[in-house]
Amino acid sequence: MPLAHGVGGSADLPLPLDLVLQAGAATVVLSFLIAAAVWTRPRLAGHPQRPVRTAGKLPGLRMLVLVASLYLVADALAGPRSAANPAAHALFVWLWVGLVPLSALCGPVWRAVNPLRTVFRLLRLPRAGLRPGPGAGVWPGVLWLLAFVWFELVAPHRTDPVVVGCALLGYAAAQLAMAVLRGEEWFARGDCFEVYSELAGRLSPLRRRTPLSGLAAPFPAAYRGAAGPAAFVAVWWGSTVFDSASGSPAWAGFVQRTGHPALSATVALTLVCAGVFLAVRKAARGLDVTASLIPVAAGYTLAHYLSLLVVEGPRGLLLVIQQWGLAPGAAWAVVPLPPVIAGAQVTLILLGHVLGVIVAHDAALAAGARVTAGAPGPAARPMLATLADELPLVLFMIGCTWTGLLLLFVR
């Protein structure tokens, strides 16, 4: 059962593709110039946030998510081995795609309802772990995310319900074993879906009164530095870029010539993610710009998977309902209008880049500020010097905007 997504092609665009690319570059440049003119001091850092509720307040919802997860895994392994099984929808649509808009709206929801945390607590496993410690920080989460996107995009038979069920069981067993060793906080840096939700949740307007201030908040100390979060965002974003590129006729022709589709895709996926990571670190020139790339990655993810979420999300829910003998014969036959989806995708990509430019500009101002000994407040670095530091990142974002828009419509 293929879970097709994306837009048909550039013909679906409401405007010519070259005009859309020019508008994308102009939007990024104008947002940078406007921010430079009116945003002259850091405004996002230091705002309080509401704590994530993980205990005592959401027992009913946590148990509901746990029961639903157990049912879907059991159904994947013992249910119908056909397109009538909702296992692939649950993993690839509800969790992987649906978690982004839900977290961007409500905050890091997966930390609050993570069924693995619930199992850990129900089993009364040692909360501090047998060998507590930060270990490699968030890098295990990066590797798990890379393994997941490989499974989603490359692995043979990845939509087979039994394969999905076995993958979920293996993932749960590995995560619980590491949590026993490192303690419950392992999930915050080792469970890629919890890290994924945490980063997207920084966009939430419900967690903080000042919009975007979550993107200026420091990463948890357990992440151990800026390279790990940057690598996580690179895999998140890079995998979506690869998914778009792998749908192009050029990629299809290349794979046909090599004769090794899985090997070619594995190498290409790894290289794209590594290339994005190196580009981000190089363009940053010493600045930590990881947070500014979160709205870019979230916008591109929503744009890329928008049609998948609209079409396959409700269809998966209908499959679950029909397994219980309800709504027999009902079908979700909604077909979004391609021009509407294309317009929404362009808007999401441009919005993500505009927010990214603003957050990066604020981070550059904050990094340029210095506290003068004995002075009551920060003294700003010359504005031109700060803008010069931002220039490579702006050029990088223009390139990303073009790439993102172009890849959406190469199919």
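1. For the residue classes used below, Ala, Val, Leu, Ile, Met, Phe, Trp, Tyr, Cys and Pro count as nonpolar, Asp, Glu, Lys and Arg as charged, and the others, Gly among them, as polar. By these classes, the lining of the largest cavity has six nonpolar, one polar and one charged residues. The model discussed here is a predicted one.

2. H16 makes the greatest contribution to the lining of the largest cavity, with four residues.

3. The largest pocket has a volume of about 1,200 Å³. Its lining comprises 43 residues, and those nearest the centre of the pocket are Val65, Ser69, Trp110, Val113 and Pro115. By class, 35 of the lining residues of the largest pocket are nonpolar, four are polar and four are charged.

4. Which helices supply at least two residues of the lining of the largest pocket? They are helix H2 (59-78), helix H3 (87-95), helix H4 (99-106), helix H5 (109-113), helix H6 (115-122) and helix H8 (161-182). The largest share, nine residues, comes from H2.

5. Val65, one of the residues nearest the centre of the largest pocket, belongs to helix H2. Val65 has a relative accessible area of 18% and is buried, the cut-off for that term being under 20%. The C-alpha atom of Val65 is separated by 6.3 Å from that of Pro115, although the two residues are 50 residues apart along the chain. Pro115 is likewise among the residues nearest the pocket centre.

6. Phe120 is located in helix H6, one of the helices that supply at least two residues of the pocket lining. With a relative accessible area of 1%, Phe120 is buried. Between Phe120 and Gly183 the C-alpha to C-alpha distance is 9.5 Å, at a sequence separation of 63 residues.

7. Is helix H10 largely enclosed by the rest of the structure or largely open? Ten of the ten residues of H10 (residues 192-201) are buried, so this helix is largely enclosed by the rest of the structure. Among the buried residues of H10 are Cys192, Phe193, Glu194, Tyr196 and Glu198.

8. Two packed helices are described by the angle between their axes and the distance between the axes. For H4 and H10, the angle is about 50 degrees and the axes are 7 Å apart. H4 and H10 are therefore oblique to each other. The crossing in which H4 passes H10 is right-handed.

9. Most residues other than glycine have a negative phi. His157, a residue other than glycine, has a positive phi near 60 degrees. His157 lies in the loop between helix H7 (139-153) and H8 and is exposed, with a relative accessible area of 62%. Ala327, also not a glycine, has a positive phi of about 50 degrees. The loop between helix H14 (290-323) and H15 holds Ala327, which is partly exposed, at a relative accessible area of 35%.

How values were computed:
Residues are numbered from 1 along each chain as its sequence is written. This is a predicted model: local features need pLDDT of at least 70, side-chain atom pairs count only at pLDDT 80 or more; totals for chains, interfaces and linings use all residues. Side-chain values use heavy atoms; hydrogens and water are left out. Buried means under 20% relative accessible area, exposed over 50%, partly exposed in between (1.4 Å probe, protein chains only). On a 1 Å grid over the protein atoms alone, a cavity is a set of points where a 1.4 Å probe fits but cannot get out, and a pocket is an open set with protein on both sides within 12 Å along at least five of seven lines; lining residues have an atom within 4 Å of a point. Grid points are joined across faces, edges and corners, and a volume is the space filled by probe spheres set on the points. Axes are lines fitted to C-alpha atoms, for helices over the stretch in contact, and angles run from 0 to 180 degrees between N-to-C directions. Angles under 35 degrees count as roughly parallel, over 145 as roughly antiparallel, 65 to 115 as roughly perpendicular and the rest as oblique. A crossing is left-handed if the near helix is turned anticlockwise from the far one by less than a right angle, and right-handed if clockwise.
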